[in-house]
Amino acid sequence: QVQLVESGGGLVQPGGSLRLSCAASGNNLRVYHMAWYRHAPGKTRELVSAISNGGSINNYADSVKCRFTISIDKGTNTVRLKMTSLKLEDTVVYYCNAHRNWGTVSGYWGQGTQVTVSS
């Protein structure tokens, strides 16, 4: 069992930055890869970024490449998503995910954190 708690969402102006954090707790955390998804009402859930359990592999959605950076702090079991140059279309709820099989949508989910980009 893994528990995920997101934080760091909020309101920011276009072009601004936010950093999301996801604190993981539970058993055998080292085997889990981590990811951030976002899901807007009426739209398909989108994988924003993922990072392997060792931190050596990561990927990004084309829509966020060069703007977002994912990182993992093994000491505190926290995965972070630094978001820069935020756009209006980045407004959505972001969810943290822990999964064991790389490249699959599975595992555990956080409760979500709202990011709103507005002038």
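**Notes on the rings, the disulfide and the pockets**

1. Let's start with Tyr108, which comes out as partly exposed because its relative accessible area is 25%. For these labels, buried is under 20% relative accessible area, exposed is over 50% and partly exposed lies in between, using a 1.4 Å probe and protein chains only. Before you read on, note that this is a predicted model, where local features need pLDDT of at least 70, side-chain atom pairs count only at pLDDT 80 or more, and totals for chains, interfaces and linings use all residues. Numbering runs from 1 along each chain as its sequence is written, and side-chain values use heavy atoms, with hydrogens and water left out.

2. Which ring does Tyr108 form an aromatic pair with? Searching the whole structure gives two aromatic pairs, and one of them joins Tyr108 to Tyr32 in an edge-to-face arrangement, 6.0 Å from centre to centre with 70° between the planes. (Rings of Phe, Tyr and Trp, the last by its six-membered ring, pair if their centres lie within 6.5 Å; planes under 30 degrees apart are stacked, over 60 edge-to-face, the rest tilted.) The two partners come from distant parts of the chain, 76 residues apart: Tyr32 belongs to the loop between strand S3 (18–26) and strand S4 (33–39), while Tyr108 belongs to strand S10 (residues 108–109). Strands are DSSP runs of E with at least two residues, numbered from the N terminus.

3. Is Tyr32 buried or exposed? Tyr32 has a relative accessible area of 8%, so it counts as buried. Have a look at what lies over its face, too: Arg100 is there, 5.8 Å from the ring centre. Over at Tyr37, the charged end of Arg45 sits over the ring, 5.8 Å from its centre. (To sit over a ring, NZ of Lys or CZ of Arg must be within 6 Å of the ring centre and within 35 degrees of the ring normal.)

4. Now for the sulfurs. The whole structure holds one disulfide, formed by Cys22 and Cys96, whose sulfur atoms are 2.1 Å apart; the cut-off is a pair of cysteine sulfur atoms within 2.5 Å. Why is it called left-handed? Because the torsion about the S-S bond of Cys22 and Cys96 is about -85°. Cys22 is in strand S3 and Cys96 in strand S9 (residues 92–99), so the bond ties together parts that are 74 residues apart in sequence. Both Cys22 and Cys96 are buried.

5. Arg80 is part of strand S8, and its 21% relative accessibility makes it partly exposed. Val92 is part of strand S9 and is buried, since its relative accessible area is 8%. From Val92 to Gly110 the C-alpha to C-alpha distance is 15 Å, with the two 18 residues apart in sequence.

6. Most residues other than glycine have a negative phi. Cys66 is in the loop between strand S6 (58–60) and S7, and it counts as exposed because its relative accessibility is 83%. Asn77 is not a glycine either, and its phi is positive at about 55°. Asn77 sits in the loop between S7 and S8 and is partly exposed, with 36% relative accessibility.

7. Asn77 turns up again in the pockets. The largest pocket has a volume of about 230 Å³ and a lining of 14 residues, with Leu29, Arg30, Ile72, Lys74 and Asn77 nearest its centre. Strand S7 (68–73) and strand S8 (78–83) are the elements that give two or more residues to that lining. (On a 1 Å grid over the protein atoms alone, a pocket is an open set of points where a 1.4 Å probe fits, with protein on both sides within 12 Å along at least five of seven lines; lining residues have an atom within 4 Å of a point. Volume is the space filled by probe spheres on the points, which are joined across faces, edges and corners.)

8. The second largest pocket has a volume of about 180 Å³. Which residues are closest to its centre? Of the 13 in its lining, they are Arg38, Ala40, Lys43, Glu46 and Glu89.

Terms used
Helix = DSSP H or I, 4+ residues; strand = E, 2+ residues; numbered from the N terminus.
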